[in-house]
Amino acid sequence: MARAAELAACLEAVLGSRGNANRVFQILELLAGQEEEEDVLCATRTCSRLFGALLERRELFVGPLPAEEASLAGPCSAEHKYKVWMRHRYKDCLGCLAELMGHDAFRVKELSLCTLMKFVELEAQYPLIKIEWKGTLTFPRELVKVVVDGLLPLHEDASLLISRFQEYMEYDDVRYFVIKAVTESIGQVMQKTKERPLPFYQQNVFSLISPINMPNKESDMVKFMMKQDNWEELKVSKLQAHKQAFEKMWLSFLKHKLPTALYKKVLVILHDSILPYMNEPTLMIDFLTVAYGIGGAISLLALNGLFILIHQHNLEYPDFYKKLYSLLDPSVYHVKYRARFFHLVDLFLSSSHLPAYLVAAFIKRLSRLALTAPPEALLMVIPFLCNLFRRHPACRVLVHRPDGPEGMSEDPYIMEEEEPSKSRALESSLWEIQSLQNHYHPDVAKAAAVLNQSLSEIEDDISGLLELSAYELFDKEVKKKAADVPLEFEQIRGLFGKKNDIFAEHFTLD
């Protein structure tokens, strides 16, 4: 309480008379000391009120800040010297607040962030940048850069502080200059690492930029922090400029090697939150090609972005189906992203112009892998395969081969062959599906038996089966009403007595 009273007295003295200006050092000294958490918080609030009032009263020097000693020693007026001197104290305050964003206590970090953003808002309304020509931008870009650098530490997770900052990203001008600042930060930080990932830093960047909501049209851009007369003539008010900055930021972020977990996070949001807001989405091909070649779940997720580029932007991807075929391994029936993967494979194999050998190779490999798949995946993949037969009648020879599996001494299909055209799938038969007709799960056996009959022309809707889980199957079985099951073929009439004298027949009692 004593410290708070002391700071309140300093604040009142400095704002009350310029003759007490030196008492600002008492406030800044406590701010820079970073000793007791409560003292630092109290000093931060005092600085917020002090320099907020000075900005509103326009008592800080406006324009390029001259050197303090030279300005004070020169022939300028007392008014000019006071404003320059107090502007330097404001600069000291900003430096202390930037350091406090790395404080151990989250309360100090949060208050420092909010105070800096308050100064951003005040500088946007009462600019410290002198308008020298019509196109001069008065937004405090350098101060936003200070905030962004504080949000992106190299060696600690700042996701909680970043989530606190997201409310400011609703302002179109703040979002624009944050995007520019992030791009600059990535260039400065990552070039020093020699392509080594920086997990904390890159995760912090992703936490900051992934929730960005870009406007769909220029008329949506109505919320600005800055007030300037020639606003509509400035680049920051144009949607095209926002999209260019957004595109440059993501490309600069994704050109560096990412931690594996971050690859997945980026690819999950790529098709919804990134590609639609880029001026040239095809520039993502390098990133997607690298991700597609990594293998496993990352390759499965990269399919989504490639699908958009191939179908919507006429991208040509050599050996695409060969690569897609190579992704079919036992994990496709178990991975978290199974539903998305099979949805995309369904789209890629929907064209009736695909050669029969290619589709047959996909059918055969999926069938072979199905032998070790869980029931929930089998209930999805069997209708999926039936749809492929409907689209590509030439592949039905796999089911209706005259001799059937019994007429083959061995399966000619080469599972290990990477080239679909050399796998000899069309020479084989679907004995795997015939095996599944004896599956322990009755629903799987029933689904597999469909291929014994002629298929209808209408495709099965598999959308409801893509997300089917083991829990849902179990829950369905539990809720089934069981019929009365006879436990004995003869009804028991009694244990003792004339009608059922078991003991008399089998035992002799003395």
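Me: Happy to start in the middle of the protein. Which residues of the largest nonpolar core touch the most other members?

Reply: Gladly, and please keep in mind that this is a predicted model. The largest nonpolar core holds 169 residues, and Trp250 and Phe253 touch the most other members. Helix α18 (residues 375-391) gives the largest share of this core, 11 residues.

Me: What does Trp250 touch, leaving out residues up to four places away in sequence?

Reply: Trp250 touches Phe206, Ile209, Ser210, Val266, Ile269, Ile274 and Met284. As general background, nonpolar side chains tend to be buried together in soluble globular proteins.

Me: Let's turn to helix pairs. Why are α9 and α10 called roughly antiparallel?

Reply: Helix α9 (residues 172-190) and helix α10 (residues 199-209) pack at an angle of about 170 degrees, their axes being 12 Å apart. Angles over 145 degrees count as roughly antiparallel, and α9 and α10 are therefore given that label.

Me: Which residues make that contact, and how do they divide by class?

Reply: From α9 come Val178, Val182, Ser185, Ile186, Val189 and Met190, and from α10 come Tyr201, Gln202, Val205, Leu208 and Ile209. The contact of α9 with α10 has nine nonpolar residues, two polar and no charged.

Me: Where do α2 and α3 meet?

Reply: On the α2 side the contact is made by Val24, Ile27, Leu28, Leu30 and Leu31; on the α3 side, by Asp39, Val40, Ala43, Thr44, Thr46, Cys47, Leu50 and Phe51. By class that gives 10 nonpolar, two polar and one charged.

Me: How do you know that Val24 is buried?

Reply: Buried means under 20% relative accessible area. Val24 has 0% relative accessibility, so Val24 counts as buried. This residue of helix α2 touches Val14, Leu50, Phe51, Trp85 and Arg89, not counting residues up to four places away in sequence. The C-alpha atoms of Val24 and Met86 are separated by 9.0 Å, with the two residues 62 apart along the chain.

Me: Met86 is in α5, I see. How do α3 and α5 cross?

Reply: The axes of helix α3 (residues 37-56) and helix α5 (residues 78-100) cross at roughly 145 degrees and come within 11 Å. Their crossing is left-handed. In α3, Val40, Thr44, Cys47, Phe51, Leu54 and Leu55 meet Tyr82, Met86, Arg89, Tyr90, Cys93, Leu97 and Leu100 in α5. That contact has 11 nonpolar, one polar and one charged residues.

Me: What makes Gln166 count as buried?

Reply: Its relative accessible area is 19%, and the cut-off is under 20%. Gln166 is therefore buried. Gln166 sits in the loop between α8 and α9 and touches Ser207, Leu208 and Pro211, not counting residues up to four places away in sequence. The C-alpha atoms of Gln166 and Ser207 are 9.9 Å from each other, although the residues are 41 apart along the chain.

Me: Which residues of α7 are buried, and what do they pack against?

Reply: In helix α7 (residues 141-151), the buried residues are Leu143, Val144, Lys145, Val147, Val148, Gly150 and Leu151. They pack against α5, α6 (106-125), α8 (159-165), α9 and α10.

Me: Last topic, the backbone. What is noted about the phi of Arg58 and of Arg424?

Reply: Most residues other than glycine have a negative phi. Arg58 is not a glycine, yet its phi is positive, about 55 degrees. Arg424, also not a glycine, has a positive phi of about 60 degrees. Arg58 belongs to the loop between α3 and α4 (68-73), and Arg424 to the loop between α18 and α19 (431-436).

Me: Why are Arg58 and Arg424 called partly exposed?

Reply: Partly exposed lies between the buried limit of under 20% and the exposed limit of over 50%. Arg58 has a relative accessible area of 49%, so Arg58 is partly exposed. Arg424, at 40%, therefore counts as partly exposed too.

Notes:
Residues numbered from 1 in each chain as written. Predicted model: local features only at pLDDT ≥ 70, side-chain atom pairs only at ≥ 80, totals over all residues. Heavy atoms only, no water. Axes fitted to C-alpha atoms, helices over the stretch in contact; angles between N-to-C directions. Helix = DSSP H or I, 4+ residues; strand = E, 2+ residues; numbered from the N terminus. Left-handed = near helix turned anticlockwise from the far one by under 90°. Contact = heavy atoms within 4.5 Å. Nonpolar A, V, L, I, M, F, W, Y, C, P; charged D, E, K, R; others polar. Core = buried A, V, L, I, M, F, W, Y, C linked by side-chain atoms within 4.5 Å. Buried < 20%, exposed > 50% of the residue type's maximum accessible area, 1.4 Å probe, protein only. Parallel < 35°, antiparallel > 145°, perpendicular 65-115°, else oblique.
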